[in-house]
Amino acid sequence: MRQVFERIVADPDLHWATMNLYYYSEYHGAEGIAALAKQVEATNPQLAEALVHHADDEFRHAAMIADIMTDLGDVPRPPLGIKYVDEFAALATASTDPDRIDEVELLAALNVTEKRGLFSFALHVSTLPRESKAFKLLNQVKNEEAGHVRWGNQYLSELKANGREAEVRRAQAKFEVIEKAAYETSLDIMPGAPIRRMRRVVEVARQLPAERQIPYVVEQFFRAADPRPVFGARWQLVETILSSARLREQVSADVQRIVAGQPLASDSLLGRLVADARRAVESLWRPQAQAA
């Protein structure tokens, strides 16, 4: 993973695109946390106050990331494709009781997403020049995200100590699967992505009570069947290639090899795309072949 971030930091275009995804997650995550604070204000004012402070931190993080992006050459704009924070919210919301806010599930969901943010920011910061503005700002974001993780861990530990350990463990297990599914789906822009997305949905459904599993999968199937995010993911790949001089050079070299009748290298960009497409097609036909 560190090598991935080293390549991102070395390419200003890809660096900006990565920061743009951070900005979207931080800003829209802050909006979601603020909304949750309002919902629990009447029943748990102490938790509501903590969530308000949490949301304020996330809004401030978004502003700091926007500052870095400006130095990289452009202001934030809505990213294309399936966004991590949106996919997580959709999978998580459908897995919970819509008629009440469960304190355990709320905290488990927040905690697992904060851990993902901390992991990404820590790796990213480790590849930045220490004297750079980006390092100073993103390192501050990382440290504050670590504080959010500690707060969540402590709160969940207190709930366990107060006789709710089984609830906490169930919620943590469920949201770990949901978070992994959302993260992988947000990154999956290769052929066969819709199939892999539904496989992840099935894994999430297995964390639910038996009577809710099939309705959950059906609901998520119709949501995933919306072609706009899928096309958006494809265009996200195209946009990334077109915005990066290095990737344009790689694609140009691959096209020249195709025109010359030469095979694509297995580690080339188009070579990887072709190989992934072949695997996706094989995964579609293999179950039918076995059934026959």
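Author: A residue counts as buried under 20% relative accessible area, as exposed over 50%, and as partly exposed in between. The model discussed here is predicted.

Reader: Is Gln-207 buried, exposed or partly exposed?

Author: Gln-207 lies in the loop between H7 and H8. Its relative accessibility is 36%. That value falls between the 20% and 50% cut-offs, so Gln-207 counts as partly exposed.

Reader: Which residues is Gln-207 in contact with, leaving aside its neighbours within four places in sequence?

Author: Gln-207 and Ile-178 are 29 residues apart along the chain, and their C-alpha atoms are separated by 9.3 Å. With sequence neighbours within four places left aside, the contacts of Gln-207 are Ala-173, Lys-174 and Val-177.

Reader: How are H1 and H2 oriented to each other?

Author: Helix H1, residues 2–10, packs with H2 at an angle of about 110 degrees, and the axes are 5 Å apart. Angles of 65 to 115 degrees count as roughly perpendicular. H1 and H2 are therefore roughly perpendicular.

Reader: How do the residues of the contact of H1 with H2 divide into nonpolar, polar and charged?

Author: H1 contributes Phe-5, Ile-8, Val-9 and Ala-10. From H2 come Pro-12, Leu-14, His-15, Thr-18 and Tyr-22. The division is seven nonpolar, two polar and no charged.

Reader: Which helices do the buried residues of H4 pack against?

Author: Helix H4 covers residues 84–94, and its buried residues are Tyr-84, Val-85, Glu-87, Phe-88, Leu-91, Ala-92 and Ala-94. The buried residues of H4 pack against H2, H5, H6, H7 and H8.

Technical notes: Residues are numbered from 1 along each chain as its sequence is written. This is a predicted model: local features need pLDDT of at least 70, side-chain atom pairs count only at pLDDT 80 or more; totals for chains, interfaces and linings use all residues. Side-chain values use heavy atoms; hydrogens and water are left out. Buried means under 20% relative accessible area, exposed over 50%, partly exposed in between (1.4 Å probe, protein chains only). Helices (H or I, at least four residues) and strands (E, at least two) are DSSP runs, numbered from the N terminus. Contact means heavy atoms within 4.5 Å. Axes are lines fitted to C-alpha atoms, for helices over the stretch in contact, and angles run from 0 to 180 degrees between N-to-C directions. Angles under 35 degrees count as roughly parallel, over 145 as roughly antiparallel, 65 to 115 as roughly perpendicular and the rest as oblique. Ala, Val, Leu, Ile, Met, Phe, Trp, Tyr, Cys and Pro count as nonpolar, Asp, Glu, Lys and Arg as charged, and the others, Gly among them, as polar.
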